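Let's walk through a protein structure together, one step at a time. Keep the sequence and the 3D view open while you read.

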Amino acid sequence: MRVRRFKFFSASLRARRPVPSEVEGRRAWQSHLKRLLRFARNDGMVFCLILFSIIAFSGCATLKKGRLPKLIRGQKTKDIEETEETAKGMISCHRIYRNAYILWQACQEELIKKLGSNKKKDILLRERVIQNLERMQSCLLREKRDLFKGQIERFKELTEDLNTRRLNISQSRRLKRELYNQKRQIQREFSYKKMGGWIKPDK
């Protein structure tokens with residue numbers, strides 16, 4: 001029994017011993033690691049440059065996969081407008097009008113809400129409102145387009161002082177009230193649902 005147990009134990013030890021090829025692989029890997037560490041110790045700057053290049057290329061790969069940084073709040077509207085203008089020949093007037101209507105509502109509501117707090121932002125929002133109103137107008141048939149032009153002229157007239165001077169509190173309140181009334185009028189008369197039959201057909 002003792003002989004058998006000893007044979008079994010020695011056989012299990014032989015089985016657990018690493019294969020010569022595995023030992024050679026470990027030794028080769030250890031030698032490569034030692035060379036790399038020696039190179040990093042002697043030429044640290046070159047090593048850092050190589051490491052930086054690897055990180056940079058991996059970063060470019062993530063961008064290729066579509067992992068782009070988020071847009072800041074002030075740029076979203078502009079990016080939507082530019083994308084739409086580029087693809088104008090590819091998308092319908094109905095879609096352009098609907099998107100411009102949504103963007104116009106958002107810009108005019110923000111202008112009413114924050115009017116007078118920041119002059120530069122007031123001017124920027126005024127330009128965005130005019131841009132989207134003009135895009136809406138360009139999608140309408142002639143009869144409604146002429147009527148809609150009056151709304152654009154009315155908005156420009158109401159807000160022309162934003163470019164030249166700073167409004168006081170009473171002027172800001174009055175202008176907010178007038179802009180709100182105009183917004184409600186456009187929503188009643190020129191909403192996408194109302195204008196569905198007056199939008200230019202697709203070519």
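This is a predicted model: local features need pLDDT of at least 70, side-chain atom pairs count only at pLDDT 80 or more; totals for chains, interfaces and linings use all residues.

Residues are numbered from 1 along each chain as its sequence is written, and side-chain values use heavy atoms, with hydrogens and water left out.

Start with the overall fold. The protein has nine helices and zero strands; here helices (H or I, at least four residues) and strands (E, at least two) are DSSP runs, numbered from the N terminus. Read from the N terminus, the order of elements is α-α-α-α-α-α-α-α-α. Of the 203 residues, 26% are buried. Buried means under 20% relative accessible area, exposed means over 50%, and partly exposed is in between (1.4 Å probe, protein chains only). The protein exposes about 15400 Å², and carbon and sulfur atoms supply 56% of that area; the areas come from the Shrake-Rupley method with a 1.4 Å probe, and for residues only the protein chains shown count as cover.

How does the chain meet itself? Take the contacts (heavy atoms within 4.5 Å) between residues at least 6 apart in sequence: 71% of them join residues at least 24 apart.

Now look for charged partners. How many salt bridges does a search of the whole structure find? There are five, where a salt bridge is a side-chain nitrogen of Lys or Arg within 4 Å of a carboxyl oxygen of Asp or Glu. One of them joins Lys183 and Glu109, at 3.8 Å from N to O. Lys183 sits in helix H8 (residues 169-189) and Glu109 in helix H5 (residues 93-114), so this pair ties together parts that are 74 residues apart in sequence. Is Lys183 buried or exposed? Lys183 is buried, with a relative accessible area of 7%, whereas Glu109 is partly exposed at 40%.

Another salt bridge brings together Glu110 and Lys121, at 3.3 Å from N to O. Here Glu110 belongs to helix H5 and Lys121 to helix H6, and the two are eleven residues apart. Lys121 is partly exposed, at 32% relative accessibility. A further bridge links Lys156 with Glu134, whose closest N and O atoms are 3.7 Å apart. Since Lys156 lies in helix H7 (residues 142-159) and Glu134 in helix H6, the pair ties together parts that are 22 residues apart in sequence. Lys156 is partly exposed at 27%, and Glu134 is partly exposed at 36%. Salt bridges that share partners also join Glu110, Lys114 and Lys121 into one network.

Next, see how the helices pack. H6 and H7 meet at an angle of about 175°, with their axes 10 Å apart. Axes are lines fitted to C-alpha atoms, for helices over the stretch in contact, and angles run from 0 to 180 degrees between N-to-C directions. H6 and H7 are therefore roughly antiparallel; angles under 35 degrees count as roughly parallel, over 145 as roughly antiparallel, 65 to 115 as roughly perpendicular and the rest as oblique. The residues that make this contact include Val129, Ile130 and Leu133 of H6 and Phe148, Ile152 and Phe155 of H7. Seven residues of the contact are nonpolar, two polar and five charged. In this grouping, Ala, Val, Leu, Ile, Met, Phe, Trp, Tyr, Cys and Pro count as nonpolar, Asp, Glu, Lys and Arg as charged, and the others, Gly among them, as polar.

H7 also packs against H8, at an angle of about 170° and with the axes 11 Å apart, so H7 and H8 are roughly antiparallel too. Phe148, Phe155 and Leu158 are among the H7 residues there, and Leu175, Leu179 and Ile186 are among those of H8.

Finish with two residues. Gln137 lies in helix H6 (residues 119-138) and is buried, at 16%. Beyond its neighbours within four places in sequence, Gln137 touches Arg145, Phe148, Lys149 and Ile152. Phe190 is in the loop between H8 and helix H9 (192-195) and is buried, at 3%. Leaving aside neighbours within four places, the contacts of Phe190 include Tyr97, Tyr101, Met136 and Phe148. Phe190 and Gln137 are 53 residues apart along the chain, and their C-alpha atoms are separated by 9.9 Å.
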